[in-house]
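Morning, everyone. Please have the model open.

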Amino acid sequence: MGIEYVEATAERVVARMPVEGNTQPYGLLHGGASCVLAESIGSVGSAIHAGPGRIAVGIEINATHHRSATEGHVTGVATRAHGGRTLATYDIVITDDQDRRVCTARLTCMLRDAPGS
């Protein structure tokens, strides 16, 4: 997928992903690739929020694809909407190189004790 992390805290995670190599047959960024980016950055934020000895497991994701991207990179910004003891939810906005919104997603992760903890 070529995802590069730029920033990662429990409150906000930012990452970039190339469009090239992540397209569907018509040369457009694949919607599934946008979902992979969204779930990846939301899960990282959730894991940081959960803390040591705990894990984050995605339980729900939704995405709306607003426009296509055909070249360059897309950037995902995940912002924590809720951070509890058992659930963490992130709002994710994916934009193209011209800062146009490509996708809006929301991810909820269940937070659990790591196996063997």
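Predicted model: local features only at pLDDT ≥ 70, side-chain atom pairs only at ≥ 80, totals over all residues.

**The sheet, pair by pair**

Numbering starts from 1 along each chain as its sequence is written, and side-chain values use heavy atoms, with hydrogens and water left out.

S5 and S6 are antiparallel, over 9 bridges. Two strands count as paired if DSSP finds at least two bridges between them. Strands are DSSP runs of E, at least two residues; helices are runs of H or I, at least four; both are numbered from the N terminus. In the S5 and S6 hairpin, 5 residues sit between the strands, and Asp 99 takes a positive phi near 65°.

Next, S4 and S5. They pair antiparallel over 8 bridges. Their hairpin has 3 residues between them. Thr 75 has Thr 95 in S5 as its bridge partner.

Now S1 and S2, residues 12–18 for S2. Here we have 4 bridges, again antiparallel. Ala 8 stands opposite Val 13 in S2.

So what is the strand order in the open sheet of 6 strands? S1-S2-S4-S5-S6-S3, with antiparallel pairing. S1 (4–8) and S3 (54–65) are at the edges; each has a single partner strand, so one side of each lacks a neighbour in the sheet. Twist averages 20° from one strand to the next.

Last, the helix. H1, residues 31–50, lies across S1, S2, S3, S4 (73–83), S5 (87–95) and S6 (101–113). H1 runs at about 145° to S3. Angles run from 0 to 180 degrees between N-to-C directions, with axes fitted to C-alpha atoms, for helices over the stretch in contact; contact means heavy atoms within 4.5 Å.
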